Amino acid sequence: MTVIESMEAGVRTSPYVSTPARVLDVEKLTDLETLFVLEMGHGRALDHRPGQFVQAWMPGIGESPISICSSPTRGRAFELCVRRVGEVTSHFHRFRPGDELGVRGPYGNGFNMRSLEGHSVVVVAGGLGLAPARSVIQYIIDRRDHFDQFHVLYGTKTPADVLFRHDLSLWRHSALMNVMVTVDRPDEQWRGRSGVVTKLFADLPPLDPDRTSAVVIGPPVMFKFVVIELMARSLPADRIFCSLERRMKCGVGKCGHCQINSEYVCTDGPVFTYERMRSLPEAI
Ligand SMILES: Cc1cc2nc3c(=O)[nH]c(=O)nc-3n(C[C@H](O)[C@H](O)[C@H](O)COP(=O)(O)OP(=O)(O)OC[C@H]3O[C@@H](n4cnc5c(N)ncnc54)[C@H](O)[C@@H]3O)c2cc1C
Ligand code: FES
């Protein structure tokens, strides 16, 4: 191999090098969140697990970790739901179909969906947590025979913040699952439930604690109260799977930005069992 060939091979295998991805479709979900349908270049499939994320790179602007919000069971294209908060995410919102960006990943451990099979599954999502949760939800819908009861509990701040309204409407009218949605601060038009997401637990049917798993994704403040509800139903701590969000830089376990005690959230997580989280004082 010549020097140039070996340098090129190094670049190809470097974890910091992005692959081009193309925007196929754009859908505005709320004032702040937009859904992007993407496809990797070079005919490459993303080949992800629910709960994993990518590093989305815009040359000259920056890079951001974004959760993959579609299931690998839905084909080659994949989806990202991006909340506009700063420079990178604002630039993202300017993308139109046909535009290109760089993508590294998928990264993180994601959810081990096989380990949930045969169980009833309770998905609890708060706010933007519905984005990664949607990947889990689509996966279970597409393999519904492999799971027992399926409940989705979603809470967000106001009616204007409700994400994926179209999906929620389909899911609510589907016999495949039980979906409950609540908002903290309802307005006059809101006809649904109100209050924090833990209030929805009162309407869950009895669950067999030996054959139930929970997936919890949301802001840190939510975890503590949701876990209390799940443990009150005797769910073991090693069947409660939480996805943590931390500031990240490299996404591949090199820079230490995402470190919680002895763990790197980007490589050891972002999914941790509650049993593991209990031993990480800085986790919540
Ligand atoms: C594993 C992981 C998955 C993520 N998934 C998504 C997703 O699916 N959709 C999405 O919109 N965002 C997601 N984020 C957050 C996203 O990465 C940040 O919002 C983005 O990097 C901000 O970049 P920016 O340049 O636009 O804003 P910046 O200028 O970097 O920041 C703007 C504001 O956002 C805050 N902020 C930045 N990063 C974070 C963070 N990680 N957590 C909390 N606050 C932050 C800053 O404090 C600041 O107030 C995820 C983050 C991680 C670590
Ligand atoms: S983001 Fe660099 S080690 Fe996790």
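Analyst: Two strands are said to pair if DSSP finds at least two bridges between them. Strands (E, at least two residues) and helices (H or I, at least four) are DSSP runs, numbered from the N terminus. The model is a predicted one, in which local features need pLDDT of at least 70 and side-chain atom pairs count only at pLDDT 80 or more, whereas totals for chains, interfaces and linings use all residues. Residues are numbered from 1 along each chain as its sequence is written, and chains are lettered from A and ligands numbered from 1 in the order in which they are written.

The open sheet has seven strands in the order S10-S9-S8-S7-S11-S12-S15, and its pairing is mixed. Strand S10 (193-194) and strand S15 (271-273) stand at the edges; each has a single partner strand, so one side of each is left without a neighbour in the sheet. In general, strands of a sheet pair through backbone hydrogen bonds, either parallel or antiparallel. Strand S11 (residues 212-217) and strand S12 (residues 240-243) run parallel and are joined by four bridges. Within this pair, Ile217 has Ser243 of S12 as its bridge partner.

Together with Val123, they are the residues with the most contacts inside the largest nonpolar core, which has 72 residues. Such a core is a set of buried Ala, Val, Leu, Ile, Met, Phe, Trp, Tyr and Cys residues joined through C-beta atoms within 7 Å. A residue is buried if 20 or more other C-beta atoms lie within 10 Å of its own, exposed if 12 or fewer, and partly exposed in between, with C-beta atoms placed from the backbone. Helix H3 (residues 130-142) gives the most to this core, namely seven residues. The core also draws at least three residues from each of domain 1 (3-107) and domain 2 (113-243); these bounds come from an automatic or database domain assignment.

Two residues are in contact if their C-beta atoms, placed from the backbone, lie within 7 Å. Neighbours within four places in sequence aside, Val215 is in contact with Phe111, Val121, Val123, Ala133, Val136 and Phe241.
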